[in-house]
Amino acid sequence: MAPRSVSAGSSKSTKAKAKAAPAPAPSKRGHKRAAASPEIDEDEDEFAVGGELEMSEAEEDEQEDEESEGEEAFPELDSGSEAEDVEGDADEEVEDDDTSDEEDLDDEEDGSESGYNSSDIEAMYASSPASSTSDLLASPKSDTHELTVDEKLSRMIAKNTVKPDENIGAEGQLSNAKKSKGVLRPSRLVPGGYTREYDEIEAGYGSESSTEDNPNTIGNVPLEWYDDLPHIGYDVNGRKIFRPARGDELDKFLANTTDIAAWTSAEDKLMGQQVQLTDQELDIIRRLERGENPDADFDPYQSTIQWFTGPGNESVFPLSAAPEPKRRFVPSKWEHAKVMKIVKAIREGRIIPNKPKVEQPTVFAIWSDNDTPHPDHAMYMPAPQLPPPKTKESYNPPEEYLPTEEEKKEWEELDKEDRKEDFLPEKYDALRLVPAYKNLVQEKFERCLDLYLAPRTRKVKLNIDPESLIPKLPSPRELRPFPTTQCVQYRHPKSTRVRSVSLSPTGDWLASGSEDGVVRVWDVATGREVWRWNLKGGAVQHVAWSPNGEEGLLAALVEGRIVILSPLALLNPTVAATTLTHANTAFASSAATTKQGAGSQVKGTESVKWVRPGEVQRERGELVYVDVPGTPKQVSWHRKGDYFATVAADAANKAVLIHQLSKHASQSPFKKTQGAVQRVAFHPQKPWFFAATQRYVRIYDLAAQKLVRTLQTGLKWISSLDVHPGGDNVIVGSYDKKLSWFDLDLGNKPYKTLRYHTRALRAVHFHPKLPLFASASDDGTIHIFHSTVYDDLMRNPLIVPLKILRGHRITDGLGVLDLRWHPEKPWLVSSGADGECRLWCS
């Protein structure tokens with residue numbers, strides 16, 4: 001340590017000045033630190049030695065011994081009374097005072113490891129109330145009463161170390177923390193409120209303010225580096241600061257439950273200690289929790305200070321000292337373009353500089369005819385003109401314009417809104433005899449309202465030729481052949497209704513089913529009846545030939561039964577033998593009346609029975625009987641001729657049945673149908689099955705047993721259904737006079753909806769080979785359409801109306817009930833409620 005410069009003088013003069021000078025005022029430790037050196041009187045300068053005194057070796061050894069004693073850090077204690085002096089102590093020697101002052105200055109710079117100076121410890125010990133009066137008055141240099149620094153420190157620690165009384169409960173005060181010294185005073189900001197004010201904290205040595213220097217001088221170093229070491233850092237002199245003793249979690253829990261001050265303390269991680277928060281710091285924390293300003297004197301509603309407003313407060317210097325940008329000295333291209341635009345307008349005369357102002361009149365003559373014409377503008381729309389007066393508005397109209405007395409009476413009885421004219425024509429001999437028009441003011445007022453309130457829009461008229469809007473369809477002559485003429489007529493006895501017709505695969509035979517329960521076979525060419533079956537089961541609902549040309553099978557539907565027929569005598573022997581083999585093969589393995597493939601194999605079809613007719617019926621061509629629940633209304637064959645499906649709307653969950661003729665088996669594809677099924681059809685190429693309910697057409701995959709899609713027809717009640725031979729198009733007829741064409745490649749909604757019929761549609765059918773389809777209706781007409789389906793997916797189907805066939809009579813509100821195309825030729829067969837079947841040829 002560098003030697004300190006001190007003043008040297010006689011002890012007598014020093015004592016004299018000490019007696020004459022008043023006792024110094026008590027000072028705080030912070031002031032004591034700030035002191036540089038003891039003041040020297042001018043009289044002492046005369047006896048000062050011109051040089052610096054050096055410490056002896058013995059003194060240096062003694063100081064080193066004191067510094068090396070005790071390295072353990074002690075907690076800071078309140079030493080507010082350490083600087084208090086005892087007034088009136090005249091017997092104390094001045095030399096000892098000077099020596100103690102010099103020692104105080106030396107100890108402040110040296111310091112012990114615990115942060116206390118030896119002079120502080122002596123002052124604490126001297127100011128202790130427990131010390132006797134003899135100790136205070138005794139000389140420090142006395143051998144009997146003088147204690148060393150270590151002894152004084154040990155006594156001070158023993159005095160301030162107090163063990164809590166175990167008899168005191170949790171409600172007692174166990175902490176020595178400072179009690180609240182705040183004073184409640186009326187608030188200056190909130191009327192009727194109070195604020196707590198505290199004394200200002202002076203940051204002295206040993207205070208708990210955050211402004212003091214940190215004893216731990218490790219700097220910005222992670223504290224985790226000292227986790228495995230016994231110390232937590234170093235002080236300003238480079239000595240280790242050992243880690244304070246800390247209890248386990250149980251001690252922490254007990255301290256939090258028994259020590260009231262534990263809730264008002266915070267951990268100082270740098271020193272590893274709990275620091276007690278002051279009342280003012282706790283008040284700041286409470287304000288932050290409530291979202292208030294931490295400063296109690298802060299006024300959130302203070303008035304705005306007008307810095308640069310008013311006389312004498314103008315800003316003389318700019319707010320920014322940044323240099324001027326370059327763009328302020330370079331001509332602007334945008335301003336140049338704007339100026340050139342204005343110059344061009346002045347040259348063209350659109351802008352007239354220094355144009356004299358024209359005074360606008362204060363009153364405008366709204367009925368004046370001298371109005372200046374309105375300038376042309378894109379948004380200007382002139383008001384519509386009144387129509388010119390007509391002949392009947394003349395004061396002397398011709399006689400034919402004058403109303404009669406009956407017309408006058410009728411006009412007067414009508415309401416004003418229902419009258420075609422607002423006046424009645426009258427005749428006067430001269431113009432001077434014409435009276436004033438009584439409705440003049442009312443009509444002019446309504447005219448003003450029309451001009452003021454009625455919106456006017458500019459309509460853009462398109463010069464379009466109406467003929468160009470009609471699609472360019474080919475002429476029907478270019479689309480021949482198609483049926484146009486009735487060739488053969490097949491009349492039934494007693495004009496009984498013929499509900500269904502069907503043509504054989506070869507096109508030679510025509511089968512018809514009528515309401516008298518008889519199925520008749522006709523020669524297509526001659527119109528002669530060649531075969532008949534009286535099924536005796538009520539009206540024949542539907543008949544259909546098998547599409548297999550190598551067989552001659554015909555399915556007929558009556559109430560509760562499906563009958564498989566074949567006119568064996570009319571067929572080729574080879575075709576007849578194949579037909580019998582196909583129909584009777586399954587009977588060889590079972591009895592004639594047993595259920596085949598129904599009750600034991602397929603659940604839900606126990607009521608379906610395959611029955612072999614008697615010998616007499618088999619000779620007449622009745623090959624197989626199939627008893628089914630309900631009354632089947634339609635039968636549809638698969639393209640191979642082995643499977644066929646029937647629809648019986650009154651059979652509940654067995655409404656749709658699929659039958660296999662070769663095995664005499666029946667099955668119900670649906671456990672529960674979504675709506676009443678009206679019509680069914682097989683896809684001509686894929687294993688798809690079409691089921692039409694009242695409003696929707698559902699397509700099922702029989703192989704995968706799933707729903708493929710649902711066609712949304714938009715119809716109220718579907719009556720008929722047919723699939724195009726290509727399989728990608730479907731036509732649906734309805735009882736609400738509409739025919740919908742579906743293209744399965746375009747979506748689930750109709751591609752075209754045709755409304756040509758005036759009554760309900762009964763049947764629709766595609767030609768097997770030609771691009772034709774037809775529709776039959778209760779209005780007694782048959783509509784023939786041309787339908788070309790292109791292989792190119794980019795082209796939509798072409799639908800052209802060709803011909804309307806008329807010939808059937810409307811009986812009891814029913815017209816044409818069924819129709820079928822010839823398998824090879826452009827011929828059409830139809831049946832009606834008038835008891836006739838007609839063949840239409842090209």
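1. Cavity count. On a 1 Å grid over the protein atoms alone, a cavity is a set of points where a 1.4 Å probe fits but cannot get out. Grid points are joined across faces, edges and corners, and a volume is the space filled by probe spheres set on the points. By this rule the model has one cavity of 30 Å³ or more. The largest cavity holds about 40 Å³ of space.

2. Basis of the note. This is a predicted model: local features need pLDDT of at least 70, side-chain atom pairs count only at pLDDT 80 or more, and totals for chains, interfaces and linings use all residues. Residues are numbered from 1 along each chain as its sequence is written, and side-chain values use heavy atoms, with hydrogens and water left out.

3. The chain overall. The protein chain has 16 helices and 35 strands. Helices (H or I, at least four residues) and strands (E, at least two) are DSSP runs, numbered from the N terminus. Of the 842 residues, 31% are buried. Buried means under 20% relative accessible area, exposed over 50%, and partly exposed in between (1.4 Å probe, protein chains only). Contact means heavy atoms within 4.5 Å. Among contacts between residues at least 6 apart in sequence, 51% join residues at least 24 apart.

4. Cavity lining. Which residues line the largest cavity? They are Lys737, Lys738, Leu739, Leu754, Arg755, Tyr756, His757, Leu761, Ser775 and Phe785. A lining residue has an atom within 4 Å of a point. By class, five are nonpolar, two polar and three charged. Here Ala, Val, Leu, Ile, Met, Phe, Trp, Tyr, Cys and Pro count as nonpolar, Asp, Glu, Lys and Arg as charged, and the others, Gly among them, as polar.

5. Lys737. This lining residue sits in the loop between β26 and β27 (739–743). Its phi is near 70°, a positive value in a residue other than glycine. Lys737 is partly exposed, with a relative accessible area of 39%.

6. Residues 754–785 are 0% helix and 56% strand, with end C-alpha atoms 11 Å apart. Residues 816–842 are 0% helix and 63% strand, and their end C-alpha atoms lie 20 Å apart.

7. Largest nonpolar core. A nonpolar core is a set of buried Ala, Val, Leu, Ile, Met, Phe, Trp, Tyr and Cys residues joined through side-chain atoms within 4.5 Å. The largest has 19 residues; Ile562, Ile564, Trp610, Val624, Val626, Phe644 and Leu661 touch the most other members. Two or more residues come from each of β13 (554–558), β14 (561–565), β16 (622–627) and β17 (634–637). β16 gives the most, with three residues. Apart from this core lies another, of 17 residues, among them Val543, Leu565, Val611 and Tyr625.

8. Val624. Leaving aside neighbours within four places in sequence, what does Val624 contact? Its partners are Ile562, Val563, Ile564, Ala583, Phe587, Trp610, Val611, Pro613, Leu661 and His664.

9. His542 lies in strand β12 (residues 542–545). At 8% relative accessibility, His542 is buried. Not counting residues up to four places away in sequence, His542 touches Ser500, Ala555, Ala556, Leu557, Lys633, Gln634, Val635, Asp818 and Arg820. His724 lies in the loop between β25 (718–723) and β26 (729–734). Its relative accessible area is 15%, so His724 counts as buried. With neighbours within four places in sequence left aside, His724 contacts Pro684, Asn729, Phe766 and Val789.

10. Backbone points to check. Most residues other than glycine have a negative phi, and most peptide bonds are trans. The peptide bond from Arg480 to Pro481 is cis, with omega near 10°. Pro481 lies in the loop between α14 (466–469) and β7 (485–491). Ser495 has a positive phi of about 50° although it is not a glycine. Ser495 lies in the loop between β7 and β8 (498–503). At a relative accessible area of 44%, Ser495 is partly exposed.

11. Gln280. This residue lies in helix α10 (residues 279–289). Is Gln280 buried, partly exposed or exposed? Gln280 is partly exposed, with a relative accessible area of 32%. Gln280 and Gly182 are 98 residues apart in sequence, yet 8.2 Å apart in space, C-alpha to C-alpha.

Note on methods: 1 Å grid on protein atoms, 1.4 Å probe; cavity = no way out; pocket = protein on both sides within 12 Å on 5 of 7 lines; lining within 4 Å.
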